[in-house]
Amino acid sequence: MHTQKTIFALASGRPPAAIAIVRVSGPQAHEAGRRIAGELPEAREVALRELKHPGTGLLLDRALALRFDAPASSTGEDVVEFHIHGGRAVADAVLDALASLDGLRVAKPGEFTRRALENGRIDLTEAEGLADLIEAETESQRRAALAVAEGGLRRQIEQWQERLLDLSARAERAIDYDEDDGAGVDPGLSRDCGALATELLEWLDRPRIEPLRDGVRVVVAGPPNAGKSSLLNAIAGTERAIVTDIPGTTRDHIEVPLALAGMPLLLTDTAGLRDSNELVERIGVERSEALIEAADILLWLGEPHAAPPHDRLVLVHAKCDLPDRRAVPSGSLPASSLTGEGLAPLLERVGELAASLLPGEDALALNRRQSTHIAEVQAALVRGSTADDIVTVAEELRLARGAFDRLTGRAGVEDVLDALFSRFCLGK
């Protein structure tokens, strides 16, 4: 159980609002609640109380008080919540009253969730899912984050860990009873190690969470005056990029986050690609080339034969409304930023490509850290499945268990925790 100071913070959005929630967690939470609200209700019940300053007795608010007893609380500690009127003055008065009590301090960003992790109420994957849920801006981001935050990945990992523990137990028994016989490794053990490794490899081949969380990067590229900025403005529905007839107007890239059929995109306009002696434009061209290489989807507005090689290339025949642009090259999609002609089919094609990069609607998706540790487990299982002595098999299985512990936050993740919880807001 946590032995640090009792912490408190506003656990709802910043006032003004109809209601604000002040949360207190730690060993002195119940005592602090009684100092302000008098007798607390029974655990997990709610009661109307007068909240008073413990030093002056001044009435702060009439509010709802809730009590949660450790370990059956969101943090695993004793918790008290006050559901108060949501004005700034009311919230500040209640927070000031709590700050006047010895042994209490304001919570750091993410500290309630971090204590939940340290007290075993959630694991690290659920905390990561919760961070993504807080930041979700599209429906697909919300669904994916919620599946992880509610323990979907944790339950899958627990199943893998049970199988891994069984494999380890079989290897240890073999060492105890079979090593002197020189019989080698049981083929069934090798086969089962390989089967679990294959299953993990299938998970590693799935689309990762980063494109869903950060947005699929759609880069608009081509030579100067090809209509890149006009196309970006037309798709975004707003004048985000400067459009002129002067070649080289766009000197640096412009990013526009947007949602397409619930999928997050990061639409990027780039400087026109051409040789230039002008320093600023040359830097812009170099950045454009780097963005093209990093693009998830490339919309190319130049001549088809000049398009850079790319796995998800869309050839766009821009300005198709002009008389001299009516002939559409084979394989290109016509589009007019002025009339809107062709924009719907173009966005449909972009949506198809983006969907191929994103996790399925009900699929659990791994982030980069999770993939790294599962890859460590998978590699150890592969080595174990091909080892010709049982001691090596047992050691590889031990390494695999350690990687799972790092995945769930049981070992060696302090730097990961610091980075993760810095993403959380105060009160979470």
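The legends below describe close-up views of one predicted model. Residue numbers start at 1 along each chain as its sequence is written, and side-chain values use heavy atoms, with hydrogens and water left out. In this predicted model, local features need pLDDT of at least 70 and side-chain atom pairs count only at pLDDT 80 or more, whereas totals for chains, interfaces and linings use all residues.

**View 1. The salt bridge between Glu 77 and Arg 115.** A salt bridge is taken as a side-chain nitrogen of Lys or Arg within 4 Å of a carboxyl oxygen of Asp or Glu. By that criterion, the whole structure holds 28 salt bridges. In the one shown here, the N to O distance between the side chains of Glu 77 and Arg 115 is 3.2 Å. The pair connects distant parts of the chain, 38 residues apart: Glu 77 sits in the loop between β4 (59–68) and β5 (79–85), and Arg 115 in helix α3 (residues 111–118). Helices (H or I, at least four residues) and strands (E, at least two) are DSSP runs, numbered from the N terminus. Glu 77 is buried, at a relative accessible area of 2%, and Arg 115 is buried as well, at 1%. Buried stands for under 20% relative accessible area, exposed for over 50%, and partly exposed for values in between (1.4 Å probe, protein chains only).

**View 2. The salt bridge between Arg 406 and Glu 376.** These two side chains meet at 3.1 Å, N to O.

**View 3. The salt bridge between Arg 410 and Asp 405.** The closest N and O atoms of this pair are 3.9 Å apart. Arg 410 is exposed, at a relative accessible area of 61%, while Asp 405 is partly exposed, at 24%.

**View 4. The network of Glu 77, Arg 105, Glu 111 and Arg 115.** Salt bridges with shared partners join these four residues into one network. Two of its members, Glu 77 and Arg 115, form the pair of View 1.

View 5. Ser 229 counts as buried because its relative accessibility is 9%. Thr 268 is 39 residues away along the chain, and the C-alpha atoms of Ser 229 and Thr 268 are separated by 9.4 Å.
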